[in-house]
Amino acid sequence: MRQKSSQGAGMSSPVRVIVVGAGSRGENYSQFASVHPERMKVVGVADPREFARKKLQQQHDIEDDNVFEDWPRIIAREKFADAVLICTPDRLHKEPAVAFAKRGYHVLLEKPMATTAEDCKEIVEACTQSGVMLTVGHVLRYDPVIHKIKELIDAGVVGDVAHIQHLEPVGFYHFAHSFVRGNWRNEAESSFALLAKSCHDIDLIHHWAGARRCVKVSSFGAVSHFTKENKPAGAAGRCLDCSIEGNCPYSASKIYLDRVKRGHVGWPVSVICSDSLPDIESVTQALRTGPYGRCVYECDNDVCSNQVVNMEFEGGVTAAFSMVAFTEELCKRKTTIYGSKGELSYDGHEIRVFDFLTQKSTKHTAPSDTPVHFSMSGHGGADYHLMDAFISAVANNDASLIRSGPEETLLSHMLVFDAERSRLEGRVIYCGDANHS
Ligand SMILES: NC(=O)c1ccc[n+]([C@@H]2O[C@H](COP(=O)([O-])OP(=O)(O)OC[C@H]3O[C@@H](n4cnc5c(N)ncnc54)[C@H](O)[C@@H]3O)[C@@H](O)[C@H]2O)c1
C-alpha cells in the first residue's frame, strides 16, 4: 500500500491508474490526470476497440507495453499501478472488479456495481477481503449542491425527515438516445432502467433517509410510446430514409446531424461514431448503418420509460420516486424533503428551505470550483469531485474520503433490485426477506 501523502498538503508521486474500458466514462475520468498531472497518471489501458485505446494512449502517453485489448492480460502481469478505473459496459463489471481487487488494486467501479444482487455482494466481499478501497460511480454524491442537501438535513433544518419526493426527468432525446436506440435499451444486453439510470436516485433517497433500512417497497413501470404499435403510418425504418421525420421529435437527423452541422461534436454526437471522430460524414454514415439511425418505433428496446417506486423506511419515513423519459429537462433532478420543522426543495439549481416556525425561506447553493474540462461532463462537475475524492483516498490511504463506498452502496443497490422485483411480480416486497410478501 502507498505511503500516506496528503494531496493538497505535501506531495508525493502521482497515483498510478489503469483504465479498463476507454469509452465515454473511462476517457472522462482520465481527464483528471490532464488537470492534475502531479496527482494522477494513467499508466495502462485495456479496451477491445483499437480506436478507443489508442486515443487514450495518446492522450496520456501510455507505454506500448501497457496497452491491452482485454483486462485479463493485466491481471496476468505483475501489479504496475495503484488503482483501476473500471468503465466497461454494465454486464462486464463483476469479473474485472473482483479480479483487480484480489490483485490488490484500489477500485473505482462505474455504476451499477453489477447487474445481480449476488454479483454486487461478491465485489464488496472481494474488496473487503483484499483490503482495497472501492468507490462506486455514484457521481451525484459528489455534486456540491446535492451534498449540501445532506448537510442541511443533518444540521436539522427540516427537523425529523418524514417524506422524500424525488423526480428524475431523463429528457426526451436523451431517453431516445440511450434507452431506445443506445447501449441501455435492452435489459439482456445491459440492465433494467431503474438500475441503469436510477440507481443514483435510489442511493440518494436512501442517503437522505439517514441510510436506515428500507422495510417495504413497491414499484410500477412500463415501456410507453416507444413500441412498434406507435409507429406512424408512412414512417421508414431509418430516419435518413423517412419522409415524415420532420414531424418527429425523436428524429435522428435532428438529434445528431443537425447538431454536428452546427459544430457541436460533444455528447450525444460523440458517442455514435465508435471508430472515428464525429464529423458530418461519419455521423451520416453512423445514421445510415448503425443503431442510432433507427426509427425509435422499430428498435429492440425493452426498458421502462416511466417508473415509480414507493418506499417505507424504518421509523415510518416514506419516499416516492418517479423516473420519466418524456421531459424537457435532462437529468435535472427535483426533490422535496418534508420534515417536522420545515420543507426543503431542490429544483436542480438551488436549494430552498422553508421554516415552519419563522415562516421564512432561505436559499442555499454550493460553489463547484470545477476545472473547465470537468464542468463539461454533464454531471455538473460531480465527475471531477468524485475523482478528486478517489485519488485523495488512494494517495492518503484514507477511505473516509469516499462517499460512495461499499456498505451504503451495496444497501442502495439491494433496494433497487427489490423495487424491480416488486414491479415484475406485481406485489409489495418486504426488503431483505424473500419469504415475507
Ligand atoms: N456514473 C454515471 O453517471 C454514468 C454515466 C454513464 C455511464 N455510466 C456507466 O459507465 C459504464 C461505461 O459507460 P460508457 O458510457 O463509458 O460506455 P462506452 O460504451 O462509451 O464505453 C465502454 C467501453 O468498454 C469497452 N469494453 C468492452 N469490453 C471490454 C473489455 N472486456 N475490457 C475492456 N474494455 C471493454 C468498450 O469497447 C467501450 O470502449 C457503464 O456501466 C455505464 O452504465 C455511468
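Which domains does the domain assignment of the protein chain give? I began there, keeping in mind that this is a predicted model, and noted domain 1 (15–132), domain 2 (141–226 + 301–372 + 406–430) and domain 3 (236–293).

Next I looked up how domain 2 and domain 3 are placed, and found their C-alpha centres 31 Å apart, with six residues of domain 2 in contact with six residues of domain 3. On the side of domain 2 that touches domain 3, I listed three nonpolar residues, two polar ones and one charged.

I then turned to the sheet, which is open and built from nine strands in the order E14-E13-E12-E11-E7-E10-E9-E8-E15, with mixed pairing. Strand E14 (360–364) and strand E15 (429–430) are at the edges and have a single partner strand each, so one side of each is left without a neighbour in the sheet.

Helix H9 (residues 199–208) lies across E7, E8, E9, E10 and E11, and runs at about 165 degrees to E7.

Last, I examined the ligand, which is surrounded by 25 residues, the closest being Gly21, Gly23, Arg25, Glu110 and Gly137. Helix H1 (residues 24–35) gives the most to this shell, with three residues, and by class I recorded 11 nonpolar, seven polar and seven charged residues in the shell.

Notes:
Residues are numbered from 1 along each chain as its sequence is written. This is a predicted model: local features need pLDDT of at least 70, side-chain atom pairs count only at pLDDT 80 or more; totals for chains, interfaces and linings use all residues. Two strands pair if DSSP finds at least two bridges between them. Helices (H or I, at least four residues) and strands (E, at least two) are DSSP runs, numbered from the N terminus. Two residues are in contact if their C-beta atoms, placed from the backbone, lie within 7 Å. Axes are lines fitted to C-alpha atoms, for helices over the stretch in contact, and angles run from 0 to 180 degrees between N-to-C directions. A residue is near a molecule or strand if its C-beta atom, placed from the backbone, lies within 6 Å of it. Ala, Val, Leu, Ile, Met, Phe, Trp, Tyr, Cys and Pro count as nonpolar, Asp, Glu, Lys and Arg as charged, and the others, Gly among them, as polar. Domain bounds come from an automatic or database domain assignment.
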